[in-house]
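Here is a protein model to read closely.

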Amino acid sequence: MKKIQNYVTGNWVEGTGEGVPMFDAVTGDIVALSDTEGLNFEEILHYGRTKGGEKLRKMTFQERGNMLKSLALYLTKRKNQFYELSYRTGATKIDSWIDIEGGFGNLFANASLRKLFPNQSYHVEGDPIDLSRGGRFMAHHIMVPKRGVAVHINAFNFPVWGMLEKCASNWMAGVPAVVKPATNTSFLTEAVVREIIASGILPEGALQLITGSARTILDTVESQDVVTFTGSAATGKKLKAHKRILEESVPFNMEADSLNASVLGEDAVPGTPEFDLFIKEVRNEMTVKCGQKCTAIRRIIVPENLVEDVQIALGKALDKITIGDPRLKEVRMGALVSKDQVNEVKDCVQELAKTAQIVYGNLDTVETIGADAQKGAFLAPILLREDQPFTNLAVHEKEAFGPVSTIMPYKNLDEAITLAHMGKGSLVSSIATYNNKIATDYVVQAASHHGRILVINRDMAKESTGHGSPLPNLVHGGPGRAGGGEEMGGMRGIKHYLQRTAIQGSPTTLTEITGIYQQNADYKEAEQHPFKYHWEDIQPGMSLKTHNRTLTDTDIINFANVTWDHFYAHTDITSLDGSIFEKRTAHGYFIISAAAGLFVYPNKGPVAANYGLEECRFLRPLYHNDTIYVRLTCQQKIDRDVASAEHPSGIVKWYVEVFDALTHEKVAFATVLTMVEKKQTVFEELTTETITKYLKKLTPDTKPQWGIMTPQHMVEHLEFTYKIAAGDIQDFEIATPEKILEKVHNSLYNYEKFPKGTNFPLLETNTLAPLQHPDLETAITKLIEQRDKYLLYFEQHPEAVLKNIVFGHLNKYEWYLLERKHLNHHFEQFKLL
């Protein structure tokens, strides 16, 4: 029997023992064996801390984010191969989609968080803190990657999502991971990890996989490590109390199964959309993943006068659930993970049934489609009713981790809240109501016991992700029985793997440490106007002092007339008595506008646009005849993604200080944002002279680095594209599909090379067209002539727009961008550059 392997210390290895069988949940057949015998866990953890950790810590948040995005795209292209394995865990197509593509979605979501972090390897958190009256001693907080490894001990129900929702956060933080999935479904985890390792996208050591038992893995964890656990509360408590965890003060995050409650509001009576939505939500949570979700609804809390209505409606909804082979389209619910799990669920139901009544389903009978109910781990949905939930407490203490839920009544909202609390902490709760007073009261009073609360009503129904769907940008975890942990939550999830440290020092020193200009730090006088620099060359602290400007009466009156801002302090000097103003006062926004007039560089350059204003303060009034000057200082740089028709750029925050020229007192300040283009260093700018020089290197025998073109074919191909660019050839249809044409068109503006081996749509694939010229020399001459014709065309028709078969309609500038990329592509192909 085949063994699945572990990926540790840079190698795929099998255990040295006999192995533990993993079963197909549908057929009962053995899928493979799991074996971790012989693995050295101390060595594995050390390898992760050193090999993977050193590389990840050096990467910036932008690099880590782009790494996750690349990995998500890579895995998404290969997603179909994982579904067949997922069916063997008992999951239906929709169950598998949640696990597989939901896991990949976590990578995408965390990748996008790079925009919220600085373009460096560590994070600067919060605002600076002035610790002295003189402003020369201050503090800030930084967060650096922990120098350990994240040990993830995951549950069986989400073998892909469970791994990636955690790893996405630790990788973004710069921390490597050792993943230990539940043995039952680790064969699916292994398949995904194989693709991840094969991609080469992650640094070696960033991910290791242990596919079976790892009972001693916590024996050698260290204080810089982070341990996360998802599973039963009983197991989690044992791990949390591990001697090594306590001795080393290792951060331990537990997410345990919980008795999540959903409440039907008193207003949500039969016939209302909220009642129908409630029934649908409960049915889904009972049957999706066969109820094997840590967020599934276990307790159905309804008004006592609606218990019968809910019971009947849920029965009808569950009647529509077909059970069987998850590969079949008509099947709505598959199998539990194993027969052991079925038996465990049955035992729990029997305990609950000592006081509660089974009102739907049968523990001993299940009808299946396309599968043998005896061989597979099948169980019908079970609905119980507990009429005395304040007296019979098993329903608040015992969880049947399967398609099982219990209805219980309440008299008023206070009782419903109390019942929700009696679960002693859960991952999620929900309430179906269209009454915002009921919603507010429930949320505020129940929030202390739940990690997330969903309010269900008709307004959000079409876009809701549902009661049981944790989202990457929301915290996932809960108090008490739910484990007391917290993961995901956007930036919050990443911060769990960072060490927060308070730093103190002078503003100048802290500017260098944080990469953010701190007030009262020394300025770095710019050698030229800061707006002349590209994004890469601007540094925090780079500063410019402007010349002076005197504010006149006429300036103030004209600004009032232009803006229609006729506030009395600016226009009616007879009304100043009793105010804080002494004379005609300049508008605050006029001061900012005048400051911009002093610091803005008028000529075209790398500054592409004004991006906004973040902060603005006016410290005292300025009057007519006051004179000001401005100090413009780079405060911070923030990287950004560009997908539209614009060149790669970043955001620069400029700290603008306005001073009274007479007293040198600061009278106003603002934070102004500009969009600044990045340097183009990828492509060589080619002229007729340099093109001719490079083409002289060509001989008929020059071999390409890729592709099948000969030198003359390449030259004639360039000539042909210049004919299109000059308008000589326009009788063709654009080949790029309309739905992606804008994205393809906008790619002309980026600084990325054309992929090697890209096929031109008008050429036959893997076939060389007949040559048009007698020899290479003639072809080069004709190419130069045709290029001159293209340049002349746009000189005479500067506003012209011509079709390109790949990139759509292009103007003069866009043809230039295409020419630059295209020439560089083919000149590199033949090693001319």
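Q: What makes strand 28 (residues 666-677) largely enclosed by the rest of the structure?
A: Of its 12 residues, 11 are buried, so strand 28 is largely enclosed. Buried means under 20% relative accessible area, exposed means over 50%, and partly exposed lies in between, with a 1.4 Å probe and protein chains only. A strand here is a DSSP run of E with at least two residues, a helix is a run of H or I with at least four, and both are numbered from the N terminus.

Q: What kind of model is this, and how are its residues numbered?
A: This is a predicted model, in which local features need pLDDT of at least 70 and side-chain atom pairs count only at pLDDT 80 or more, while totals for chains, interfaces and linings use all residues. Residues are numbered from 1 along each chain as its sequence is written, and side-chain values use heavy atoms, with hydrogens and water left out.

Q: How do you know that strand 25 (residues 607-618) pairs with strand 28?
A: Two strands pair if DSSP finds at least two bridges between them. Strand 25 and strand 28 have 9 bridges, in the antiparallel sense. Val607 stands opposite Val676 in strand 28.

Q: How many bridges join strand 27 (residues 649-660) to strand 28?
A: There are 11 bridges, and the two strands run antiparallel. Val658 stands opposite Ala668 in strand 28. The hairpin of strand 27 and strand 28 has 5 residues between the strands, and His664 takes a positive phi near 60° there.

Q: Why is Pro621 called partly exposed?
A: Its relative accessible area is 22%, which puts Pro621 in the partly exposed class. Pro621 is found in the loop between strand 25 and strand 26 (627-639).

Q: What does Pro621 touch?
A: Pro621 touches Phe581 and Thr585, not counting residues up to four places away in sequence. Contact means heavy atoms within 4.5 Å. Tyr360 is 261 residues from Pro621 in sequence and 75 Å away in space, C-alpha to C-alpha.

Q: Why is Thr546 called buried?
A: The relative accessible area of Thr546 is 8%, so Thr546 counts as buried. Its place is in the loop between strand 23 (542-545) and strand 24 (549-550). Leaving aside neighbours within four places in sequence, Thr546 is in contact with Leu598, Phe599, Tyr629 and Val630.

Q: What makes Thr211 buried?
A: Thr211 has a relative accessible area of 0%, so the label buried applies. Thr211 sits in the loop between strand 9 (207-209) and strand 10 (226-231). Leaving aside neighbours within four places in sequence, its contacts include Ile4, Gln5, Asn6 and Glu190.

Q: Why are helix 2 and helix 4 called roughly antiparallel?
A: Helix 2 (residues 61-77) and helix 4 (residues 93-112) pack at an angle of about 155°, with their axes 8 Å apart. Angles over 145 degrees count as roughly antiparallel, under 35 as roughly parallel, 65 to 115 as roughly perpendicular and the rest as oblique. Helix 2 and helix 4 are therefore roughly antiparallel. Axes are lines fitted to C-alpha atoms, for helices over the stretch in contact, and angles run from 0 to 180 degrees between N-to-C directions.

Q: Which residues make the contact of helix 2 with helix 4?
A: Among them are Gly65, Leu68 and Lys69 of helix 2 and Phe104, Leu107 and Phe108 of helix 4.
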